[in-house]
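Author: The sequence and the structure are shown below.

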Amino acid sequence: MSHATDKDLINRLKRANGHLAKIISMIEDDRSALDTAQQLQAVVSALDRARSVLVAHHIEHHLAETLGELTPETRATLDQMAQLAKYL
C-alpha cells in the first residue's frame, strides 16, 4: 500500500490541519486559553493517530513485500500489534 494513496492517513492529516487552522484563528481572535488548549489537544491526538496508521501500514507493506501475501491470521496479529503500539 502506498502511503501517498492511503485515504485514511490523508483524512487524518487533513483533520489535524483543520484543527491547526482553527487554533491559529483562535489565537488571532484572542480566544480563551482553555478553548485553545482543547483544540491543541485535538491536533496532538490526530497526529498521534496518523503516525500510528503510517507506521502500521509501513510495517504491513514491507512484511507483505518480504513474505508474500499475508494470511488473515497474520493481518489480525499485525492489527493487534498496531493497537498495542498506540500506547507507546
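Reader: What is the relative accessibility of aspartate 8?

Author: This is a predicted model, in which local features need pLDDT of at least 70 and side-chain atom pairs count only at pLDDT 80 or more, while totals for chains, interfaces and linings use all residues. Residues are numbered from 1 along each chain as its sequence is written, and side-chain values use heavy atoms, with hydrogens and water left out. On the scale used, buried means under 20% relative accessible area, exposed over 50% and partly exposed in between (1.4 Å probe, protein chains only). Aspartate 8 counts as partly exposed, because its relative accessibility is 34%.

Reader: With which residue does aspartate 8 form a salt bridge?

Author: A salt bridge requires a side-chain nitrogen of Lys or Arg within 4 Å of a carboxyl oxygen of Asp or Glu. With closest N and O atoms 3.2 Å apart, the partner of aspartate 8 is arginine 12.

Reader: How far apart are the closest N and O atoms of aspartate 35 and arginine 31?

Author: Aspartate 35 is partly exposed at 28% relative accessibility, and arginine 31 is partly exposed with a relative accessible area of 39%. The two residues form a salt bridge, and the N to O separation is 3.4 Å.

Reader: What is the radius of gyration of the protein chain?

Author: The chain has three helices and zero strands, in the order α-α-α. For 88 residues the globule rule gives 12 Å, and the chain lies well over that, so it is more spread out than a compact globule. The radius is taken over C-alpha atoms, and the rule is 2.2 Å times the number of residues to the power 0.38. The value for this chain is 17 Å.

Reader: Which helix supplies the largest share of the lining of the largest pocket?

Author: A pocket is found on a 1 Å grid over the protein atoms alone, as an open set of points where a 1.4 Å probe fits, with protein on both sides within 12 Å along at least five of seven lines; lining residues have an atom within 4 Å of a point. The largest pocket has a volume of about 470 Å³, the volume being the space filled by probe spheres set on the points, which are joined across faces, edges and corners. Of its 19 lining residues, those closest to the centre are Ser52, Val55, Ala56, Ala82 and Gln83. Helix 2 (33-67) and helix 3 (72-85) each supply at least two lining residues, and the largest share, 10 residues, comes from helix 2.

Notes
Helices (H or I, at least four residues) and strands (E, at least two) are DSSP runs, numbered from the N terminus.
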